[in-house]
Amino acid sequence: MKNQWIEFYRGIVTVKASGKGIERFINTLTRSGINIWNVKNHGTQSVTFKMKLEDAKKIRSHARNSDCRIEFLQRAGAPFLVRRLLKNSGFAAGALAFFAVILLLSNMVWGIEIKGANPATEYQIIKELDKMGVKKGKLQFFVDNVESIQRKLSNNIEAITWVGVELKGTTYHLQVVEKNDPEKPEYLSPRHLVAKKKAVIVDMFVEEGRPVVDIHDHVQPGQLLVSGIIGKEGQTETVPSKGEIFGETWYKSEVILPLKSTFKVFSGNEKVKHGLTIGNLEIPIWGFGSPEFEEYELEENENRVKFLKWELPISYVNKTFREREQVTRIYSNKEAFEAAKDLARKKIKSSLDENAKIMGEKVLHQSVDNGKVTIAIHFQIIENIAEGQPIIQGDSE
Amino acid sequence: MAKKWGQFVRGWMTKNMELPQDVMMDLPRITMIGQIHIYIENHRGLLAFSDKELRLLLKQGQLLIRGKAFVIKTILPEEILLEGKIDSVTYITDTD
């Protein structure tokens, strides 16, 4: 027998033939090369058989020449299946749409949870996230990755020290550590205040304790400034002395700056490519061709496509090529000295307390040699020089 | 005379050259599998078909198959595969 499956793909029809001379009719059919099979007799003068769909047209002329009447009973096989499928394509479309919607919803941002922030900071964070495009209902593909959200948040919001961003499924979890935690009442043990550095006292502000030095006094490091022992002789009491003693201190800072320096900067030209990656296969969607930049930095963002709780081996890839340029900066001597001074100031400031002030500066020495500027500056700075020193019991007597 | 001579030659050839008879002499070749299948090659057309009886035209005479629940599984110009419960296979030859 022939392979039924091939017939199936082409389509099979069941034909009922009735009338006289059915046998003759079958003979003529077989002789003219029409394949028929499953010939069954149904009572008198009627027979059903199966044949190929493509022969169905030929059979009519043969039937006209014989005394038989033919009737098509059943259609089977792929062509009819396809036709039915097309008729019911609404179902298929619905199923497809269902999966598409689930896929879409699985890749959306559904929630942002912020922990550890007080309402004001939380509001600020939400606003900042909004600006970045992290919102409920946004597709995750078009949202920055977790690391850059983290970086931007901690850069842009002053009030937070650290923020941990984690993407769990469709929800962003933000763990915030705020800078100004509610201050704990500081418990201090009895102590003296001593000088941290060599300085001339400019101003004093003593909350508790007995000052032993005065303005314009010259103090050495370790020298007692405010005593924690108060009271009359014989009736002394130790207290945690508290206060700020501002002294003028001196720093010397030396900066060496080359006159000519080269940098790599971004020119601002960039090219963005979007694509899909399936396994190892990359399919570009938008942005074709390679970037025409001589030097560039590539930033690649990959977003896995999720389906419900699973991650599919498909990802949306976003590549950004940023053009880089070399810039050479040449200072004149004067400019170089200015820049070096600036640098020295910045250096000093970063090494000092927040409330320290630069009172004066004096260039001690500046020179240019080998294409480099060397500058030495003497700074006068007013800062708090007080430092606690615990009083050890028994020491006072 | 000529026809007879031809038949004689064919008969002689098959006998002496060990050639299969069905090829040489246009005889039907019938293969049966128990009672359920019968496969006939070299027929000359269908004469009658019902679920109890099948009559085939042969080069010489007819073949009558009787049984129950006949279904022609395949029919080609010279071959036929019949399925059902076969009770008897009879040759009907015209009396010479």
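Two strands are said to pair if DSSP finds at least two bridges between them, and the strands themselves (E, at least two residues), like the helices (H or I, at least four residues), are DSSP runs numbered from the N terminus. This is a predicted model, in which local features need pLDDT of at least 70 and side-chain atom pairs count only at pLDDT 80 or more, while totals for chains, interfaces and linings use all residues. Residues are numbered from 1 along each chain as its sequence is written, and chains are lettered from A and ligands numbered from 1 in the order in which they are written.

**Where chain A meets chain B**

Strand E2 (36–41) of chain A is joined by four bridges to strand E5 (residues 62–75) of chain B, and the two run antiparallel; within E5(B), Val71(B) is the bridge partner of Lys40(A). Counting residues as in contact if their C-beta atoms, placed from the backbone, lie within 7 Å, 12 residues of chain A touch 15 residues of chain B. On the chain A side, the elements that give two or more residues are helix H2 (22–31) and strand E2 (36–41), and E2(A) gives the most, with six residues.

Helix H2(A) has buried residues, a residue being buried if 20 or more other C-beta atoms lie within 10 Å of its own, with C-beta atoms placed from the backbone; among them are Ile22(A), Phe25(A) and Leu29(A). After H2(A) comes Gly33(A), whose phi is positive, near 85°.

**A sheet within chain A**

In chain A, three strands form an open sheet in the order E5-E7-E6, with mixed pairing. Strands E5 (111–115) and E6 (160–168) of chain A stand at the edges with a single partner strand each, so one side of each has no neighbour in the sheet. From one strand to the next, the twist averages 20°.

| Strands | Bridges | Direction | One bridge pair |
|---|---|---|---|
| E2(A) and E5(B) | four bridges | antiparallel | Lys40(A) and Val71(B) |

Terms used: Two residues are in contact if their C-beta atoms, placed from the backbone, lie within 7 Å. Axes are lines fitted to C-alpha atoms, for helices over the stretch in contact, and angles run from 0 to 180 degrees between N-to-C directions. A residue is buried if 20 or more other C-beta atoms lie within 10 Å of its own, exposed if 12 or fewer, and partly exposed in between; C-beta atoms are placed from the backbone.
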